[in-house]
Amino acid sequence: RRRRLADRVQGMREASTYFSQNPKLAFQQKAVDEQVELLNLQRDFENKYNEPSFIDTSVTDTIKKLVMLAGARQTDDDAVRPLLKYDRSTRLALLSDANKVGKTFKVPEKRFWHIKVKALAKSQQWEELKKFGGEKKSPIGYGPFAEACIEQRIAPEIVAPYIERIPSTEERYGLFMKINLWAKAIECAQKLKDRHRLLQVRALCKDPRFEKSVDQILTSGGI
């Protein structure tokens, strides 16, 4: 397999040399050079982490795989929550390499954040996701953080802090409804002065406490 890869890379380098002789083929040369660089990185990752599934994947999938490997768990562990496969230093190296790939291939910041958020959630790295979301102001907002968590059916108390950071009251309302945080949804509907949304909470919550809360708001005349 390594021999075949070496032969491919050599052939691509020869193609790059050919393209470099004609300015009109600059785009093709750049594409080939980037593919060679990606293949070399993928080969290095396979050797470094003993994971034979990087080569010939896209830049996006390479980033995603590096991030998800940081949360990989031991397959031979029968525990309900198996132990992590890698030690902390290796997990940090995987995340660092994911960042490296993003920078090397000039992945747009928003696209990189979407990839990483989804991969962290899918691999259930909740603490790392929280840390990532707090590093700086998110260029994609916090809706994608909340949506990624909801997709994994994680506990509402993990999702709620991301929803709270969303400026749009309407968006917060919709997400609180998704995770059945009725009190928060009522707060948003009340802030929006939206009778329809209050009635929607009342119809779906099936909880006398929140039904009573909605009734009190509606009869108070404030909406």
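Q: Is Phe145 buried or exposed?
A: Buried means under 20% relative accessible area, exposed means over 50%, and partly exposed lies in between (1.4 Å probe, protein chains only). Phe145 has a relative accessible area of 0%, so the residue is buried. The model is predicted: local features need pLDDT of at least 70, side-chain atom pairs count only at pLDDT 80 or more, and totals for chains, interfaces and linings use all residues. Residues are numbered from 1 along each chain as its sequence is written, and side-chain values use heavy atoms, with hydrogens and water left out.

Q: How many aromatic pairs are there?
A: Rings of Phe, Tyr and Trp (its six-membered ring) pair if their centres lie within 6.5 Å; planes under 30 degrees apart are stacked, over 60 edge-to-face, the rest tilted. The whole structure holds 6 aromatic pairs. One of them is tilted: Tyr142 with Phe145, 5.5 Å centre to centre and 40 degrees between the planes. Tyr142 is buried too, at 7% relative accessibility. Ring pairs join Tyr142 and Phe145 with Trp113, Phe132 and Tyr162 in a cluster.

Q: Which charged end sits over the ring of Tyr142?
A: A charge sits over a ring if NZ of Lys or CZ of Arg is within 6 Å of the ring centre and within 35 degrees of the ring normal. Over Tyr142 it is Arg165, 4.0 Å from the ring centre. Lys116 does this for Phe132, at 4.4 Å.

Q: What volume does the largest pocket have?
A: Take a 1 Å grid over the protein atoms alone. A pocket is an open set of points with protein on both sides within 12 Å along at least five of seven lines, and lining residues have an atom within 4 Å of a point. The largest pocket has a volume of about 310 Å³. Among its 16 lining residues, Asn99, Lys103, Phe112, Lys116 and Phe132 are closest to the centre. Helices H4 (88-104), H5 (109-122) and H6 (126-135) each give two or more lining residues. H4 gives the most, with 6.

Q: Which helix gives the most to the lining of the second largest pocket?
A: H5 does, with 5 residues. This pocket holds about 250 Å³ of space. Its lining includes His114, Lys118, Glu147 and Gln152.

Q: How many disulfides are there?
A: A disulfide is a pair of cysteine sulfur atoms within 2.5 Å. The count is 0. For Cys149, the nearest cysteine sulfur, in Cys188, is 18 Å away. Cys149 is buried, at 0%.

How values were computed: 1 Å grid on protein atoms, 1.4 Å probe; cavity = no way out; pocket = protein on both sides within 12 Å on 5 of 7 lines; lining within 4 Å. Points joined across faces, edges and corners; volume = space filled by probe spheres on them. Helix = DSSP H or I, 4+ residues; strand = E, 2+ residues; numbered from the N terminus.
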